[in-house]
Structures are given as C-alpha cells and as structure tokens.
Amino acid sequence: MMEAFQRGFPYAAQPTDKPPNLDSTLKVVEVAVPLISMLARQMAESGLEVRGRPQLHEPAPDLVSDAFDVALKSVRHLQRCYAATTRRVVRLLSRQQLPPVVSYGVRNMDARNPGETTSGLFFINDRLDRFGPPVILSPAERGEMLDAPFRGAHALPYIDLYNQADVALRLEGNLRECAVMLGAASEVLLNRLMLTLRWEEGLTPEDSSRDWPDSLITRIKRELPPRLGGNWSLDEEGVAPQHWYRSVYALRNRVAHAGYEPTFLECLTGQQTLNDLISWIGDRLTSGKRLKSFPRTAFLHYPSRLGRQLERLPWLERMQQDPNEVPWSITSSRWIDAHERLVRDSEFERVPDPSRAALSSIWLTDQKEPTSWILTDMQTGLACEVEVDPDLVKIQSDRSFTKNIPAGELAVAAHARIPRDVIRVGPWVEQYHINPLLHVMVDRSDRHRPWPVHAVRSE
C-alpha cells in the first residue's frame with residue numbers, strides 16, 4: 001500500500017521511522033483479466049465492428065474499472081465456494097472494503113520480458129473519509145441530536161434502516177443487504193405514515209388492527225390516495241410511486257425471493273428513488289387542505305420542512321402550544337406500538353403472566369386512596385385491573401411521591417410484589433385502557449372510557 005501511495009504521490013515525504021512490525025496476516029490477491037476480450041465483447045454489444053488489435057498499454061479508465069469488476073467477481077466467486085465448502089463465515093470482498101487506490105499492470109500475455117508491463121494506479125472508491133477527523137457538531141446540532149428521540153421518534157426507525165442500507169452500500173459494498181434494507185426502510189416509513197394518519201383521524205388501535213391489510217401494496221392503494229391525493233399508480237411511468245415500486249420494492253423482492261445480486265448503480269438508483277418518494281409525499285402533505293386535515297401527521301413526519309414555515313403558519317404554531325393537545329410524538333408512537341402488537345396477535349396471541357407482572361396503583365393526588373390497582377406484563381404489553389389484599393399491600397402514608405404533582409392530577413406508584421398480594425385479576429387489555437398516563441388517543445377519549453374490570457368487579 002505504501003509503495004502504491006508513493007508512486008501515486010511522488011512528492012510526499014518519506015516516513016522518517018520504520019512502521020511497527022504488526023502481528024497480522026496480509027492478504028494479497030492477483031487476478032489476470034483479458035482486456036482485449038472484454039473490449040471486443042463491449043464493442044460487439046454496442047454494434048461496432050472490431051478491426052485489428054487495439055493497443056491497450058494505456059487503457060481508458062472505464063475499461064480499467066470494468067476489468068476490476070470482473071476481477072472482483074472472480075474473487076467473490078472463489079470466496080462463495082470456500083464458504084460453501086468450509087461453512088466458515090466469509091465477508092465477500094467489495095470495492096468499499098479496499099484501500100482507495102490499488103496498483104495494476106498491463107502487458108502482452110505473450111511477452112516474456114517483464115519490462116513490457118505498463119503500471120498504473122486505480123482509484124477504486126471514494127472512501128477517503130476514513131482518513132479524516134470525525135465531524136464536529138455545533139451546539140445547535142448537538143441539541144438537535146439529543147432531542148431526536150423525542151421530536152423525531154417517527155423518523156428514527158426509518159433513518160436507522162436507511163443508514164444500515166447506506167453503510168452496506170458505501171462502506172461494506174454489500175449490495176444485497178442494501179437493497180433489502182432500502183425495502184425495509186420504505187415499508188417502515190409508509191406504514192408509520194399510514195398509521196399516523198389513522199391516529200389523527202381518531203381510530204382506536206383495536207379498530208385499526210382489525211382493518212389492516214396484510215399486503216403493503218394493498219395498504220398503499222387503499223389508504224393513501226383518498227387522504228393525500230395524487231397519482232399513486234404503480235404501473236404508470238413518470239410518477240414517484242411507480243419509480244419507487246420498480247427501483248426499491250421490486251428490487252428488494254428479487255433479492256429476497258430469487259437471490260439476485262443487484263449492481264451498485266441499481267442500489268444507488270433505489271436510494272435516490274426513495275428520497276424522491278419522500279419528497280413527493282411531503283409536497284402533498286405539507287401544503288393546502290391536506291395540511292389543514294392532517295397537521296399533526298405532517299409535522300411529525302416533516303418537522304424540518306414545516307419548522308421553517310411556522311412564521312407563515314401561525315395557526316399551526318398555536319396548535320402546537322395548545323395545552324389541550326396531547327404530546328403528538330409520544331402519544332402517536334404509543335398508539336402505533338399498540339396497533340402493531342394487536343396485529344401480531346392474529347398470528348401469535350400474547351399470553352400474559354401475572355407472576356412476572358409489575359404491580360402499580362393509580363392515584364389522584366388530592367385523594368387518600370388509589371382509584372385502582374393494575375398489573376402490567378411488560379413482555380406482552382398487556383395490563384389488567386386487580387384487587388389487592390389490603391392486609392398485605394400497604395399504602396405509603398407520607399404520600400411523598402405525589403408532593404411535586406399538582407392537586408387533582410394523576411400519578412402512578414410502583415409497589416414491590418409479595419406472595420398472594422393480588423386476590424382478583426380483571427381482563428388483560430392494552431395498557432392504555434387502564435393506565436391513564438399511557439393514553440394513546442389524539443382526543444384523549446381513552447381517559448374517559450370505563451376501565452374494563454369495573455363491570456365485573458367483585459362486591
């Protein structure tokens with residue numbers, strides 16, 4: 001590597017000290033690629049006639065790049081065969097894993113004199129960032145980073161998968177993983193958008209889960225056109241949804257179902273296509289009557305875009321500051337989590353375990369007795385109202401845990417479990433039904449419904 005660097009940058013100073021002798025294994029791969037055969041095939045595919053024998057001692061950069069891809073494909077083939085034979089974990093070689101510059105030589109395969117070799121350096125990737133310092137965040141950027149889990153809760157699952165696709169594409173060269181992660185990122189994004197729209201319309205998680213199509217494409221066709229408008233055709237050329245369907249959704253399916261290995265350009269196109277779809281949806285959601293119909297959804301999914309427009313949208317700023325509004329991000333996120341748990345129940349029904357559940361009491365801070373007792377099984381996300389043995393479960397007399405909570409407000413106190421503390425268990429339901437601090441409804445209607453166990457509470 002140092003020799004290649006010195007040849008590429010002859011004016012760089014020589015290192016003054018000898019590099020340390022590291023105890024490591026150096027892997028060197030040499031692959032011979034017939035350039036004439038490659039060039040002849042490319043010309044034939046372009047409809048050009050090959051006449052004579054071209055001089056290739058100084059090949060065009062594009063031909064060197066194509067030859068390198070052929071060599072890389074040969075090495076990856078050997079790696080796959082080795083992994084299949086030994087069943088050992090093998091990371092397939094890619095451009096992104098190699099140093100930015102490699103050396104190559106071109107010579108006549110019939111020549112016996114090594115002096116007839118023409119040498120050169122090939123710039124194979126743009127991974128120069130690995131040699132640079134980390135990006136230093138400004139105070140404003142640090143604040144935005146720390147605030148991301150709260151303001152950007154809806155985007156984080158999508159951004160996480162998108163970043164994984166980006167790493168696979170640009171750092172690892174794992175093109176299959178990139179295609180699959182782009183497909184997963186887009187599905188998460190579209191699902192959370194559709195669910196946020198349902199949350200803002202006031203559906204309960206139970207009603208939503210019972211009417212949730214299995215197919216992503218069915219959901220898109222049924223849920224988004226009537227709410228966002230626009231051309232959502234997946235067959236018509238020239239529209240953003242069709243581009244996404246072809247370059248992201250279909251590519252992901254080819255990889256997942258047929259083992260297809262996409263090209264770098266296909267993955268890069270898929271990434272750009274997904275970005276274009278997000279921008280196209282944002283154009284529809286953050287303007288006109290749709291912004292008036294779904295202001296919470298628009299702000300949750302496009303906070304930066306709408307944040308820059310608040311000066312000309314005073315009604316939206318007043319809405320955000322309205323004390324009667326629920327916290328949009330955390331409330332809708334809890335609603336989505338409940339919906340997804342309920343959808344999974346159709347395949348794998350949750351079975352709560354009272355013995356592992358946590359015991360809590362619900363209080364109004366100006367009362368002397370709790371309004372209810374609940375068990376919460378955190379593994380399943382289910383809770384139930386219970387009756388406790390008053391001789392075993394003692395109520396904290398000093399009430400210090402409510403001293404900083406205004407009078408008449410709700411509070412939840414945790415209690416240590418002891419044997420036989422619970423004498424009656426109500427029906428298991430989603431937590432928001434019986435824990436008023438975990439409300440999920442946009443209009444707070446879940447806080448005004450009778451809690452399920454009341455109808456069957458023992459006298």
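These are my entries, in the order I looked things up.

**Ground rules.** I am reading a predicted model, where local features need pLDDT of at least 70, side-chain atom pairs count only at pLDDT 80 or more, and totals for chains, interfaces and linings use all residues. Residues are numbered from 1 along each chain as its sequence is written, and side-chain values use heavy atoms, with hydrogens and water left out.

**Helix H10.** I looked up residues 264–285 and found helix H10, with 22 residues. Helices here are DSSP runs of H or I, at least four residues, numbered from the N terminus. H10 reaches 32 Å from first C-alpha to last, close to the 32 Å expected (1.5 Å times one less than the number of residues).

**Its buried residues.** Buried means under 20% relative accessible area, exposed over 50%, and partly exposed in between, with a 1.4 Å probe and protein chains only. Among the buried residues of H10 I noted Cys 267, Leu 274, Trp 280 and Leu 285.

**Thr 273.** This residue also lies in H10. I list Thr 273 as buried because its relative accessible area is 9%. Leaving out residues up to four places away in sequence, Thr 273 touches His 243, Trp 244, Ser 247 and Val 248 (contact means heavy atoms within 4.5 Å).

**Cysteines.** How many disulfides does a search of the whole structure find? I got 0, taking a disulfide as a pair of cysteine sulfur atoms within 2.5 Å. For Cys 178, the nearest cysteine sulfur is that of Cys 267, 4.0 Å away. Cys 178 counts as buried, at 0% relative accessibility.

Notes:
Helix = DSSP H or I, 4+ residues; strand = E, 2+ residues; numbered from the N terminus.
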